[in-house]
Amino acid sequence: MMFSYMTHLSCSKCSRTYNPDTVQQLCECGSPLLVNYDLKKLAKDFKPNELLIRNHDLWRYHELLPVQSPENIVSLGEGMTPLITMKKLGSDMDIAHLYMKDEGIAPTGTFKARGAAVGVSKAKELGVKGLVMPTNGNAGAAWSLYSSKAGIQAVIIMPGSAPAMIRSEVASAGSHLYLVNGVISDAGKIAAKAAADFHLYDVSTLKEPYRIEGKKTMGFEIAEQLHWETPDVILYPAGGGVGLIAIYKAFKELQELGWVGSKKMPRFVAVQAEGCAPIVKAWKEGKRESEFWPDSRTVAFGINVPKALGDFLVLQAIYETNGCALAVKDEDILKEQKNIIRKEGAFICPEGAAAFLAARKLRKIGWIKENERVIVINTGIGLKYMDNEEINLPVLQPDESIDSLPVLP
Ligand SMILES: *Cc1c(COP(=O)(O)O)cnc(C)c1O
Ligand SMILES: [Zn+2]
């Protein structure tokens, strides 16, 4: 048995292939590279019930990950987050089988830990000493912390509007943090130049092939947690859309391995905010690629991506699974977030709330059918967003007592 069954990298658009033993960025044609595995051999060598005795982290799927030697693994215990039944919310939405894949309890507080764990581990294996990343915040925080652990120098560039909490997270990790007076695409341009000027590994979304492999493990876990049954619908708050592309890739690999049935794919739903919805617009117009979204803004800063390099892969996953794309309003997102926190005790982030809200809307118009099994990805923890919230609380003096409590329902 090999530790990894990776064979080669291939272009997502043209027919070129690349060697995974050296640092690779984009294909010569400018498109992202994807990782390939010898799935036929793995199907013969390994059965999914052998997973049962493995650790509860994402490295339990190491045959389907690109790290070739276990000593290069940089781990903070990422993966195997719970798949939680949302009974009260489900009955409120008339979705009997509603689940939340809760990434809020991941190390660094978001699912970005998955991409960072696998991306940084692979960078270490390839001998990378320094990397540069443009980010809206959460990815930068995750890559900073994993880079610290790996002993890799990280240069992080983020919009100045990123929450203070995330800026201090990155700075605490000892990364070189720069703020840009602009959006993530502006940060991307600065990162590309810094990569060339200082020989840094450019780990912008999809400019390195491995973060998608880390995010893919969300799909493996969902399948394993459902005892290798395929759910009907997966809703995902899409910025760059990497998580959606990755979960789709996971289910395709599982089908090829024969670990899940070969006929059914989940229908993928890309959820965006109305203030930044390039994928939704492209989907509505039946297009294969999106256009740059000017003046993008949303409280859900993790999905504030005006133009994604992998937009065509997101749209492909939607079209091929009879999925859809939906935009929701910021104020409705915040209302739904509050509703979910109060009903289910789940302190989810606005991005996750957007995806739940989309489920509610899609059930209402009958797109989600009664009794379908619906998975919503909550991508992060709500605590990271607290600078959005103004809360007025009563303050007591030490000698005061509580006069009355509001009547409990
Ligand atoms: C990055 C991020 C997203 C979007 O992820 P992509 O896979 O790049 O689309 C969603 N939610 C949160 C909290 C994020 O940090
Ligand atoms: Zn190519």
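This is a predicted model: local features need pLDDT of at least 70, side-chain atom pairs count only at pLDDT 80 or more; totals for chains, interfaces and linings use all residues.

Me: Why is the contact of Glu28 with Arg16 called a salt bridge?

Reply: A salt bridge needs a side-chain nitrogen of Lys or Arg within 4 Å of a carboxyl oxygen of Asp or Glu. For Glu28 and Arg16 the closest N and O atoms are 3.8 Å apart, so the pair qualifies. The pair links distant parts of the chain, 12 residues apart: Glu28 is in the loop between β2 (17-18) and β3 (33-37), and Arg16 in the loop between β1 (6-11) and β2. Helices (H or I, at least four residues) and strands (E, at least two) are DSSP runs, numbered from the N terminus.

Me: What makes Glu28 exposed?

Reply: Buried means under 20% relative accessible area, exposed over 50%, and partly exposed in between (1.4 Å probe, protein chains only). Glu28 has 64%, so it counts as exposed. Arg16 has 35%, so Arg16 is partly exposed.

Me: How do you know that Lys249 is buried?

Reply: Its relative accessible area is 12%, so Lys249 falls under the cut-off for buried. Glu253 comes out at 6% and is therefore buried too. These two form a salt bridge with N and O 2.8 Å apart, and both lie in helix α8 (residues 242-257), 4 residues apart, about one turn of the helix.

Me: What makes Glu221 and Lys101 a salt bridge?

Reply: Their N to O distance is 2.7 Å, so the pair meets the definition. Both residues are buried. Glu221 sits in helix α7 (residues 211-225) and Lys101 in strand β5 (residues 97-102), 120 residues apart.

Me: How many salt bridges does the structure hold?

Reply: There are 29. Asp92, Glu336, Lys343 and Arg360 are linked in a network of them.

Me: Why do β1 and β3 count as paired?

Reply: Two strands pair if DSSP finds at least two bridges between them. β1 and β3 have 5, in the antiparallel sense, so they pair. In β3, Leu33 is the bridge partner of Cys11. The open sheet has 3 strands in the order β2-β1-β3, with antiparallel pairing.

Me: And what makes β2 and β3 the edge strands?

Reply: Each pairs on one side only.

Definitions and conventions: Residues are numbered from 1 along each chain as its sequence is written. Chains are lettered from A and ligands numbered from 1 in the order in which they are written. Side-chain values use heavy atoms; hydrogens and water are left out.
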